[in-house]
Amino acid sequence: MLFNKITIIIPTKDREHFLYYTLKTCINQEYKNFEIIVLDDGSTDNSIEMIKGLMKSHSQIKLFENSNNLGMMENFEKGLNQVKEGYVIVLGGDDGLMPNSLTLMNDIINESESPVITWPTCTFFYQGTKMKTGQLIYNIEKKGTKNQWKWVQSKDYLERQCENLFYVSDIETPMIYVKGIASIETIREIKEKSPNKMFYQCSTPDGYSGIILAGHLEKFAFYNTPLSLHGVSKSSAGNAYLSGDKEAKELSKKFFKKAENVKMHEKLGSVNYSPLISLMTADFILMANDINKTSYTIDIKNLIAKAFLEIQDGLFSEDNLSRELDIIYNIALKTDNLVLFNKFLATTRRNKRYIFEGDGISPRQIYINADKHQVFNIYDASHFFYALFNTRGRFRIGVFFKALLSSMKYSIASKKKSNKLSDYYVLGD
């Protein structure tokens with residue numbers, strides 16, 4: 001059997017507590033031919049001391065300290081530049097791998113010979129991130145045998161993204177951030193045809209990697225069982241923008257300062273970066289078109305509608321609404337769609353949002369109170385999910401109905417409407 005070299009890249013900053021458990025999910029793998037590249041972007045906590053402590057007994061860990069804060073995109077790029085051979089996956093400083101996942105990745109690489117492999121992920125929210133308790137989330141499985149892979153045609157995937165404009169919820173998105181792995185040769189091929197010889201071209205490098213890789217390949221492999229999990233902590237950039245507390249605002253401010261020189265695609269009016277998933281997806285597709293010489297089309301009217309739906313959902317804090325509406329306004333202005341923008345602005349009302357806690361079920365996902373199961377970090381969560389996916393009896397009937405009742409109450413409460421979006425944005429301000 002061929003044991004391919006697998007490199008785990010972890011760009012991080014000020015995540016000492018979370019990073020320790022992320023590294024623990026990596027160093028406790030049975031697979032031998034792997035290394036971990038940690039890129040610290042100027043941490044002011046004890047991250048460096050903690051990493052060096054682990055390096056004494058784990059030779060797979062390599063540490064790169066940035067003398068100056070590079071920001072997300074450049075730090076990710078620096079990580080790729082350290083990889084010499086084999087395959088690469090990127091984890092955030094609060095994400096993790098499932099037990100034995102590197103062995104499974106290698107098995108799929110050898111069997112499929114695909115340069116890119118992706119899979120669905122689970123999610124773990126640390127205590128105090130959205131709710132007081134921790135939370136475990138996983139996708140409801142479709143009928144079929146677990147632990148199987150299939151081919152995904154890139155054309156089908158990208159056409160679906162042009163319509164849905166929501167790469168995050170598509171389990172087949174082949175991004176190398178947490179939920180995928182790619183050969184370094186394939187990444188180099190993309191770098192060679194990029195104008196600045198860099199792989200990452202957008203301010204948010206996670207989803208962009210999936211779109212550019214799909215556009216570069218005719219097809220890629222999808223494995224139907226999670227091999228990794230997303231961790232969400234207070235230090236997560238995306239979560240910080242959704243939150244309204246003081247610490248989160250400061251984190252978001254620093255991120256946008258670093259991202260201000262990277263504008264969205266010219267077909268979107270070269271507007272400032274937006275964390276709206278619809279706008280990011282469109283930006284990724286248009287940028288990938290330029291590099292891959294493809295011609296996937298973004299319907300701007302559909303994009304504006306999808307962006308308003310995101311804002312209507314109520315996830316963003318009120319402090320950030322004006323900024324996002326201004327970005328959508330400028331896209332509409334530069335693409336001759338102001339009539340449509342004004343219509344949505346006048347008629348759209350925000351949904352009231354309530355923090356969901358405890359066990360619950362939605363059409364796509366199951367939510368589990370992590371504290372009840374003594375799951376307090378990403379390492380605990382990886383073993384919880386591993387046991388869950390390898391156990392036939394998953395839920396007692398009483399637990400199921402209690403979760404269903406909680407979900408119904410939450411769904412009813414969330415249908416209540418809040419203010420009109422026009423209350424948060426005045427043209428010309």
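Residues are numbered from 1 along each chain as its sequence is written, and side-chain values use heavy atoms, with hydrogens and water left out. Because the model is predicted, local features need pLDDT of at least 70 and side-chain atom pairs count only at pLDDT 80 or more, while totals for chains, interfaces and linings use all residues.

The protein chain contains 15 helices and 16 strands, taken as DSSP runs numbered from the N terminus (helices H or I, at least four residues; strands E, at least two). Of the 429 residues in the protein chain, 56% are buried; buried means under 20% relative accessible area, exposed over 50%, and partly exposed in between, with a 1.4 Å probe and protein chains only. The accessible surface of the protein chain comes to about 19800 Å², and 52% of this belongs to carbon and sulfur atoms (Shrake-Rupley method, 1.4 Å probe; for residues, only the protein chains shown count as cover). Among contacts in the protein chain between residues at least 6 apart in sequence, 80% join residues at least 24 apart, a contact being heavy atoms within 4.5 Å.

Helix α6 (residues 184–193) packs against helix α7 (residues 205–216) at an angle of about 90°, with the axes 11 Å apart. Axes are lines fitted to C-alpha atoms, for helices over the stretch in contact, and angles run from 0 to 180 degrees between N-to-C directions. Helix α6 is therefore roughly perpendicular to α7 (under 35 degrees counts as roughly parallel, over 145 as roughly antiparallel, 65 to 115 as roughly perpendicular and the rest as oblique). Thr-186, Glu-189, Ile-190 and Lys-193 of α6 meet Ile-212, Leu-213 and His-216 of α7 in this contact.

Rings of Phe, Tyr and Trp (its six-membered ring) pair if their centres lie within 6.5 Å; planes under 30 degrees apart count as stacked, over 60 as edge-to-face and the rest as tilted. By this rule there are 18 aromatic pairs. One of them is the edge-to-face pair of Tyr-329 and Phe-341, at 5.5 Å centre to centre with 70° between the planes. Tyr-329 lies in helix α12 (residues 318–334) and Phe-341 in helix α13 (residues 338–347), twelve residues apart. Both Tyr-329 and Phe-341 are buried. Phe-384 and Phe-385 also pair edge-to-face, at 5.7 Å and 75°. Phe-384 is buried at 17% relative accessible area, and Phe-385 is buried at 0%. Phe-76, Tyr-177, Phe-199 and Tyr-200 form one aromatic cluster.

The charged end of Lys-24 sits over the ring of Tyr-379, 4.4 Å from the ring centre (NZ of Lys or CZ of Arg within 6 Å of the ring centre and within 35 degrees of the ring normal). Lys-219 lies over the face of Trp-151, 4.3 Å from the ring centre.
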